[in-house]
Amino acid sequence: MTGALRVGNASGFYGDRFAAWREMLDGGELDVLTGDYLAELTMLILGRDRLRDPELGYAKTFLRQLEGCLGTALDRGVRIVTNAGGLNPAGLAAAIGTLADRLGLTARVGYVEGDALARPDALTANAYLGAFGIAACLDAGADIVVTGRVTDASLAVGPAIAQFGWGRDDLDALAGATVAGHLIECGAQVTGGNFSFFTELPDGGHRPGFPIAEIHPDGSSVLTKHAGTGGAVTVETVTAQLLYEVGGPAYLGPDVVTRLDTVELRQDGPDRVRVSGVRGTPPPDTLKVGVNNLGGFRNSMTFVLCGLDIPAKSALVRGQIEEAVGKEGLEFTLARTDHADAAETETASALLRVHLRDGDKARAGRAFSAAAVELALASYPGCTLTTLPGDATPYGVFTADVVPQDAVAHVAVLPSGERVPIAPPIGTSAITDVEAGVVRGGATEHAGPTRRVPLGELVGARSGDKGGDANLGVWARTDATWAWLRGWLTVARLAELLPETAPLTVERYELPNLRAVNFVIRGLLGQGVAASTRFDPQAKALGELLRSRVVDLPTELAPASRQAAATDRAGEAAG
């Protein structure tokens, strides 16, 4: 095949824009439409669903979305690939068949299984499978392919394998398609969603369209979106998504290790960014396994502390709560949102959040929340709470493990019902995601004049979660800024700007092609998102926090205003 394969995405998580499937099918030409529903937290949610009903375990929302557009997809020959199967891909495949029958349609459905591992001590344990099972289903004529836990990028890589006939040794092509899949997997994030410079987007970021990757036979691609949809596709919006939830330059996958330090981005017209130059090396000899367990129960209450003596008021509440329920498992966080000499209660108030985690549901439940409420007339002056007393809820703990590639029974179940084993890759390597080494950078001090402004005047950022770790990608907007940033933003500097990272292990990687550095902050999220009590439990706002820090920036790099910076960039683009 010599033409490009147009792969769109209509879902970046379980709960994404409901109408996106219809918008993508009606908005223009597509060959394949994908939907990503699985995050680490989602697997925990589906695991709890299946405890209540063994017939569940898949993303039920997908069925409702499909009901309104299955006929359109079949009429237009658009094939659908989704990991909405979660913990029960066979169950979702059967439900799709029932739906098609009810609608009077004929849909050939295949599914991929084998990711679920037998771990008696775990709620869920799933290996991250690759793309060749998806390709086998498509090769057998499937209109719809349902998977469980595959890597997010595999939803796009599988159709490309089927279209172009790639084999296991087409590493550069597989790596290029992996980048394309990673870019579209989070839906509108690559078209301007959650973008640091959203105020510069044509529509101000109000309703970004969902993305399309035009994948070519050599694995290169063009990122775009349907004409007339909101947001934008620029080198910077693509850079932001490329930095999302990644580690070192060696991006590990079950089919290929993708070298992120080889990715080249170039604007290829309005809302078109060409992605090329991607190199791949043999995949690791192991597969990542995501393991979820129930960690216990938790509850929280929030006190409003208004006016004077905020630290003393906080200390009083702490002592009273500890005396009432005991110290074990308690966590207190004081957010100083108060302003001095404020004229309104809200702006004069701080928030004291009290969390309790315990294996005993009774202690973490009403016993705790009632103890907090009982202080309403017997604590600090002005005592009030923003939360009502409630029962404890279970929380999950996520851990990552590995298993040998050949220890997993990866199977493609074709529309005919035939079960086709997918052999593991023959050529593997023992590479790790830190093989390239941790680059700490050499601290540099600017000798010339500086202006004290927020760091975000010069750089963009994107952050996210990977289990108990967080990643924070930071990119420069110009070559001159990159030359300064790569020496200035060290691990030590990050610790100064974000003190909560100081006691943790922090890895720093440079991606010169993207004018970016990426930090991996180990353990920031503790036992994972479901167990985290941080105000920002998924570290989604970590990048924006960094950008808000006021620092001394070189005057020649820091325009007097954002408007001046935008004007300068417009001039560069026009030139």
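**Exercise 1. Helices H3 and H5**

Find how helix H3 (residues 60-67) and helix H5 (residues 89-103) are placed relative to one another, given that their axes come within 11 Å and cross at roughly 25 degrees. Keep in mind that you are looking at a predicted model.

*Solution.* 
- Step 1: Take the angle. Angles under 35 degrees count as roughly parallel, so H3 is roughly parallel to H5.
- Step 2: The crossing of H3 and H5 is right-handed.
- Step 3: Look for the residues that touch. H3 brings Phe62, Leu63, Leu66 and Glu67, and H5 answers with Leu92, Ala95, Ile96, Leu99, Arg102 and Leu103.
- Step 4: Sort them by class. Eight residues in the contact of H3 with H5 are nonpolar, two are charged and no residue is polar.

**Exercise 2. Helices H7 and H8**

Work out which term describes the packing of helix H7 (residues 154-164) and helix H8 (residues 171-184), whose axes come within 7 Å and cross at roughly 140 degrees.

*Solution.* 
- Step 1: Compare the angle with the cut-offs. Roughly antiparallel needs an angle over 145 degrees, and roughly perpendicular covers 65 to 115.
- Step 2: Note the hand, which is right-handed for H7 and H8.
- Step 3: Pick out the contact on each side. From H7 come Ala156, Val157, Ala160 and Ile161; from H8 come Leu174, Ala177, Thr178, Gly181 and Ile184.
- Step 4: Count by class. The contact of H7 with H8 has seven nonpolar and two polar residues, with no charged ones.

**Exercise 3. H7 again, now with H6**

Describe how helix H6 (residues 132-139) packs with H7, using their angle of about 45 degrees and the 7 Å between their axes.

*Solution.* 
- Step 1: Name the arrangement. H6 and H7 are oblique to each other.
- Step 2: H6 crosses H7 in a right-handed way.
- Step 3: List the partners. Phe132, Ile134, Ala135, Leu138 and Asp139 of H6 meet Ser154, Leu155, Gly158, Pro159, Ile161 and Ala162 of H7.
- Step 4: Sort them. The contact of H6 with H7 holds eight nonpolar, two polar and one charged residues.
- Step 5: Look back at H7. Its Ile161 takes part in the contact with H6 and also in the contact with H8.

**Exercise 4. Cavities inside the model**

Say how many cavities of 30 Å³ or more the structure holds, and describe the largest cavity and the second largest cavity.

*Solution.* 
- Step 1: Count. There are five cavities of 30 Å³ or more.
- Step 2: Start with the largest cavity, which has a volume of about 110 Å³. Its lining has 13 residues, with Arg168, Leu287, Gln405, His410 and Pro424 nearest the centre. By class, this lining has eight nonpolar, three polar and two charged residues.
- Step 3: Move to the second largest cavity, which contains about 60 Å³ of space. Glu40, Leu41, Leu44, Asn292, Gly396, Val397, Phe398, Gly528, Val529 and Ala530 line this cavity.
- Step 4: Helix H2 (40-52) and strand S18 (393-404) each contribute at least two of its residues.
- Step 5: Finish with the classes. The lining of the second largest cavity has six nonpolar, three polar and one charged residues.

Conventions:
Residues are numbered from 1 along each chain as its sequence is written. This is a predicted model: local features need pLDDT of at least 70, side-chain atom pairs count only at pLDDT 80 or more; totals for chains, interfaces and linings use all residues. Side-chain values use heavy atoms; hydrogens and water are left out. On a 1 Å grid over the protein atoms alone, a cavity is a set of points where a 1.4 Å probe fits but cannot get out, and a pocket is an open set with protein on both sides within 12 Å along at least five of seven lines; lining residues have an atom within 4 Å of a point. Grid points are joined across faces, edges and corners, and a volume is the space filled by probe spheres set on the points. Ala, Val, Leu, Ile, Met, Phe, Trp, Tyr, Cys and Pro count as nonpolar, Asp, Glu, Lys and Arg as charged, and the others, Gly among them, as polar. Helices (H or I, at least four residues) and strands (E, at least two) are DSSP runs, numbered from the N terminus. Axes are lines fitted to C-alpha atoms, for helices over the stretch in contact, and angles run from 0 to 180 degrees between N-to-C directions. A crossing is left-handed if the near helix is turned anticlockwise from the far one by less than a right angle, and right-handed if clockwise. Contact means heavy atoms within 4.5 Å.
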